[in-house]
Amino acid sequence: MSVIPIEYYLILSAFMFVVGVIGVFIRRNAIVVFMCIELMLNSANLALVTFSSYIGNPVGQVFVFFVMTVAAAEAAVGLAIIIAIFRNKQTVNIDEINIFKW
Amino acid sequence: MIKYIYLAVLFPLIGFLINGFFGRKIKSELTIGIIGSSTVGIAFLISLLAFVQTIQFPVEQRTNTVELFTWLSANGLNIKFAYLVDQLSLTMSLIVTGVGFLIHVYSIGYMHGDKGFWRFFAYLNLFIFAMMNLILGDNFVVLFLGWEGVGLCSYLLIGFWYDRKFEKGTTADAAKKAFIVNRIGDFGFLLGLFLIYQTFDSLNFQDVFSKAQTFLINENTFNLIALFLFIGATGKSAQIPLYIWLPDAMAGPTPVSALIHAATMVTAGVYMVSRASILFASAPTVMMIIAVVGLLTAFLAATIGLVQNDIKKVLAYSTISQLGYMFLASGVGAFSSSIFHVMTHAFFKALLFLGAGSVIHAMHEEQNIQNYGGLKNYMPKTYFTFLIAALAIAGFPGFSGFFSKDEILWYAYVNGGFIFWFGGAVTAMLTAFYIFRLFALTFLGNERFDHHKYHPHESPSVMTIPLIILAILSILGGYVGIPEIFSDQEGNLFKNWLEPVYKSAEEKLLTSSFHSHFEEVLLMLISVLLALCAIYIAIYVYTKNIFVIDKLKKRFVKVYNLLFNKYYVDEIYDSIIVRPIKIVSEKILWKFTDSIIIDGMVNGVAEIVNIFSEKIRRIQNGLVQFYALIMGVGIVLILFWIIVNL
């Protein structure tokens, strides 16, 4: 059984990351932006697992579990903020949420 | 008791602290007065005990230093807070605390009912504290501390009635004038101190004076040092050209005029010259300047005093004139005579001022002597003591002023020359005239005041008892300095007592021209006769023949106006110094330098920042994605840079 080469994982990870970045930059819906951020986080997780497995050191994989835990907590806080904004402004379009300026 | 001399300084300070901080809460005037007076009284007793102890020592051991703590210590400069207890400082501290105590007691009566009663006593005590530091200080820095301290107290007390009118302005203006004019003198004094430190590498009296004797130092350096110190003295002791503040200082309450502006503070300059006698003796040119300035001041101030109508103004010019005598004495090298005159002057001039205060008190703040007259029937004690003081200052034989003034005139003749004696003798005659003019217009003659408005009465005994004590001192004070010819001994008590302090200065001066006793008696007789004539004429003219004066006034109207307007010195100073300074300050320093340059720089910097930020703040548009984009671009650029550099 042939092993999938490490480059495949890394290219996938990089692709997911770039998708996430572009999504954060160009999408207007706060929920989508938020999902894109999660995507970037997961792509980083993937790279971490890959390298861990490649080197043969399980510490990286354990670390990923911690990252996922934190990500879950962060997702809860992030969604709560978005809901709070929606209650105030009746929208989640981030072009209209621009009150933090001069 | 010498060891505890610092208590004599400390007690007035305690009095100041108590009255200053809690005086407002103490309701009883008597309590405040007793605190204020007793602390000075205790200081007097301590000085007296130290004096008694010192006098029992042999002459060589009479100079003692009391070190308290190191005040400043920095890279070779080592200033100790120490007191020097010697013949000179003891004499001065006895005068200051003794006369000061009497004036404090007098003030209890004089200031009765004043809303600032506690403040007055607090200031007076602070003054005694500063003055004692000035006198007892063992180095120039402690002396300077006291020097500035008394200046501050003088300022505070001249402006004591800060809400009252005084001449063209308020008493606050007079206070400011005194302070600023003194500042000019102090500037000179400071320069003198710097020069002393540079030359002798020390500011301690004994160091400096012993080095001044032994070191080979250029006479020009000595001249400069002495000149700067003397400039300081002209400010504090009201000599030409800085005397103009003293007449205005009469805006203060009368006890202040007596204590600060007659008996003690204004003699600080004389004391300083006398203390640093060796420095002055090494600078013959400056000695000459001092003698001339002293004589001129004495003469000019006396002529102004002839025609003034304000009772305190006359006394103020008289004080300037007497201070001129003291500097004349210092200038001709008779340092002990100048201190002798400081002492007798403190007695009779304090008495004159306090007597004047008693009169002013009785006449409800009226100060114009043309509106007095015949007061001797209403206030006999004041009348009698004032007469004694007037006789003393006029140099009537047997009174204290006679001995001290005669000694000064004699030394002016011996060391200075005939012209100095003559100027001094004429001034003595003028002195006798103006003081008896004042006396006659106030106490003798017709009653010229409005009986419905004024009800003159004798002052309470808390005021008259100090007057009587001072009157006794004004008579007896001179007998410590009886001239050689009457006492059959070398020198006199006072002179021999102070002799060691001036020993080095006198060795340097070395004036040993021989003069016979005949000359001394002759000159004495002439000056006494002049004074007696002046007294007789003044009393006769101002009680019986007032029209003679009116005739003279009309005849010499120009001279009269010149004197009455005090030689227009205030006006001259105003137009050549004060006004140009004001114009330069306003037009150049304020309107140009401050408004345009400094404000321009400050506001300009802010304006530039403002312009830039106005542009830059547009970047912060509130769009999170925009921020993210910039951050992303930034990261890419940094990564790129790192990769390129690898």
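In the predicted model, helix α16 (residues 380-394) and helix α19 (residues 461-476) of chain B have axes that come within 9 Å and cross at roughly 25 degrees, where axes are lines fitted to C-alpha atoms, for helices over the stretch in contact, and angles run from 0 to 180 degrees between N-to-C directions. That angle makes α16(B) roughly parallel to α19(B), given that angles under 35 degrees count as roughly parallel, over 145 as roughly antiparallel, 65 to 115 as roughly perpendicular and the rest as oblique. The crossing of α16(B) with α19(B) is left-handed, a term used if the near helix is turned anticlockwise from the far one by less than a right angle, with right-handed used if it is turned clockwise. On the side of α16(B), the residues B:Lys381, B:Thr382, B:Thr385, B:Ile388 and B:Ala392 meet B:Thr464, B:Leu467, B:Ile468, B:Ala471, B:Ser474 and B:Ile475 of α19(B), contact being defined as heavy atoms within 4.5 Å.

Helices α18 (residues 418-443) and α22 (residues 517-543) of chain B pack at an angle of about 25 degrees, with their axes 8 Å apart. That makes α18(B) roughly parallel to α22(B), and their crossing is right-handed. The residues of α18(B) that make this contact include B:Trp421, B:Met429, B:Phe433, B:Phe436 and B:Arg437, while those of α22(B) include B:Leu523, B:Ile526, B:Leu530, B:Ile535 and B:Tyr542.

Helix α10 (residues 254-263) and helix α15 (residues 335-362) of chain B have axes that come within 8 Å and cross at roughly 160 degrees, and α10(B) and α15(B) are therefore roughly antiparallel to each other. This crossing is right-handed, and the residues that meet across it include B:Pro255, B:Ala258 and B:His261 in α10(B) and B:His345, B:Lys349, B:Phe353 and B:Ile360 in α15(B).

Chain B as a whole has 26 helices and four strands, these elements being DSSP runs numbered from the N terminus (helices H or I, at least four residues; strands E, at least two). The C-alpha atoms of the chain fill a box of roughly 115 × 65 × 50 Å along the principal axes, and buried residues make up 54% of its 646 residues, where buried means under 20% relative accessible area, exposed over 50% and partly exposed in between (1.4 Å probe, protein chains only). Among contacts in chain B between residues at least 6 apart in sequence, 81% join residues at least 24 apart.

One of the buried residues is B:Val314, with a relative accessible area of 0%, which is found in helix α14 (residues 311-331) of chain B. Apart from residues up to four places away in sequence, B:Val314 touches B:Gly305, B:Gln308, B:Tyr434, B:Arg437 and B:Leu438.

In chain A, helix α1 (residues 6-26) has 21 residues and reaches 30 Å from its first C-alpha to its last, close to the 30 Å expected at 1.5 Å a residue, the expected span being 1.5 Å times one less than the number of residues. The buried residues of α1(A) are A:Ile6, A:Ser13, A:Met16, A:Gly20, A:Gly23 and A:Val24. They cover an arc of only 130 degrees around the axis, which puts them on the same side of α1(A), the arc being that of the directions from the helix axis to the C-beta atoms. What covers these residues includes α2 (30-55) of chain A together with α26 (624-645) of chain B, whereas the face turned away from the buried side carries the exposed residues A:Tyr8, A:Ile11, A:Phe15 and A:Ile26.

Residues are numbered from 1 along each chain as its sequence is written, and chains are lettered from A and ligands numbered from 1 in the order in which they are written. Local features of this predicted model need pLDDT of at least 70, side-chain atom pairs count only at pLDDT 80 or more, and totals for chains, interfaces and linings use all residues, while side-chain values use heavy atoms, with hydrogens and water left out.
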